[in-house]
Amino acid sequence: MANQEQSFKSIVAHCKEYGFIYQSSEVYDGLAAVYDYGPNGVELKNNIKEYWWKAMVQLHDNIVGIDAAIFMHPKTWKASGHVDAFNVPLIDNKDSKKRYRADQLVEEYIEKLENKINKDVAKAKKRFGEAFDETKYLAESPRVVGYQEEKKKVSGQLAQLMTDNDMEGLGKLIVDLDIADPVNGSKNWTDVRQFNLMFSTQLGNIAGEEGKLYLRPETAQGIFVNFLNVQKTTRQKLPFGIAQIGKAFRNEIVARQFIFRMKEFEQMEMQFFIQPGSQADWYQKWKDQRMAWHLALGTSDTKLRFHDHENLAHYADAAVDIQFEFPFGFRELEGIHSRTDFDLASHQELSGRKIQYFDPKTNESYVPYVVETSIGCDRMFLAVLSNALIKEQVPGSDDPNNLREVLKIHPALAPVKCAVLPLKRNDENLVAKAQEVFKKLRPHFNCQYDDTGSIGKLYRRQDAIGTPYCVTVDFESLDDNTVTIRDRDTLQQERIPIDQLQEKIRDRVNMEQLLEKL
Ligand code: ATP
């Protein structure tokens, strides 16, 4: 745990030091759970968005994009169920004065049981060596069986209480499980109460409920209310999808996990409209496609897993998360939800407009069903960063203390693709040549020219932001128009003609190589 915290802290510090992410309004001591992206952060974030957008819109002839407004008619949120049901259960500790989400306190209790099981398994594995049979051990070790039963029981109780909106029961469960405040160990809890996560503001001169506007808590509704517009103007036939990237806002209470949980964040959502009855098939297809999208980045499959929802949201008939192993454990990165016809049917009812699709194959009109994929861009950013940031012994060095910090990010996502560095900064000819190389490359890639330090220091800085290539201009370059190109991961240096640089860099950093894998 201490290690995990350390690694998370170093990611947060790295993000600030290298211009990826800053606390919002830092000069005023910041605003909790709100963050700004710096120069390297915005490049990486844009690359993530580009990868998602192209995988959705460019690779599917039946998916189109939109960009809907953040503000929507207030009735939207009544129809979607957010006004009545987008609540979280809150509990306060009277001694520490800290506020928690009651469901998350119970989830953490369940996670602790899981950790105990994993620890016992790891110990037994070590003890029995080759002869260890994990399945048998899980089924027969009395202690592990006890943990598993407890885990199943508490998970079931939590799911039921959440489905029933039973806040009193949830408070009792926390007391019964003897859950203590993680900060000070106190068990002096308040009652549990519901809290709506939507931010609201007021429309111009209309007072009261009538003029209440919400900042959208998800981008999906902008897609639903535009379903007919898009279907008619693009003449798409079912099945087809609408994709969107945009900001969403949630008044998150517990916000201690950096950009994992923010009040203002970005979602990349795709709603796939289908014939009722075909949802199980499409649900499976989208699960597979989205996992493939993550794996194409080279992320180890041990870091990603599916996690079925135990209590379904009010709109879903099936739901699964793709979880990623963040430094603080496996957590939701993306959701895939079979949303039935809940949203379109609700908008149809509340608006009084017919929102249906005429199916030329069956000659009937119906409200389509929907399977959605929904991923937070910021969470993806954190996943990419925490997966890639490593400290390693410098390749080729025998000294175990010779360490470097390197961001081994997929080159297509790297904020800077190539850095051009003159071997000496105060040699006029070298600087002029390096500038010439830089100007040649910059129309093609996001490049950096840097002559602000010794070459070793400049390399380290580029490693820390994940730049796949450093090009060094030296005295030989002046004579024969060649440069050395250094590979971020292997540290191999190769001497190549300047006019081959573009092709060499493109081969490694292009986004097409990712898309071809899908
Ligand atoms: P959680 O259980 O972690 O609060 P959720 O199940 O409410 O998430 P969804 O409503 O399914 O999340 O939203 C889809 C995606 O949007 C999530 O998988 C996540 O990546 C992202 N997301 C949701 N809330 C936040 C937030 N507060 N900050 C950053 N990303 C978020």
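Start with the lining of the second largest pocket, where seven residues are nonpolar, five polar and two charged (Ala, Val, Leu, Ile, Met, Phe, Trp, Tyr, Cys and Pro count as nonpolar, Asp, Glu, Lys and Arg as charged, and the others, Gly among them, as polar). The model is predicted: local features need pLDDT of at least 70, side-chain atom pairs count only at pLDDT 80 or more, and totals for chains, interfaces and linings use all residues. Residues are numbered from 1 along each chain as its sequence is written, and side-chain values use heavy atoms, leaving out hydrogens and water.

Select Val 225, His 347, Ser 351, Arg 353 and Ile 355; of the 14 lining residues, these lie nearest the centre of the pocket. On a 1 Å grid over the protein atoms alone, a pocket is an open set of points where a 1.4 Å probe fits, with protein on both sides within 12 Å along at least five of seven lines; lining residues have an atom within 4 Å of a point.

Next, select H7 (residues 142–163) and H8 (residues 167–176), helices whose axes come within 8 Å and cross at roughly 155°. Axes are lines fitted to C-alpha atoms over the stretch in contact, with angles from 0 to 180 degrees between N-to-C directions; helices are DSSP runs (H or I, at least four residues), numbered from the N terminus. H7 and H8 are therefore roughly antiparallel (over 145 degrees). Show Gln 157, Leu 158, Leu 161 and Met 162 of H7, which meet Gly 169, Leu 170 and Leu 173 of H8 (heavy atoms within 4.5 Å). This contact has five nonpolar, two polar and no charged residues.

Methods
Helix = DSSP H or I, 4+ residues; strand = E, 2+ residues; numbered from the N terminus. Parallel < 35°, antiparallel > 145°, perpendicular 65-115°, else oblique.
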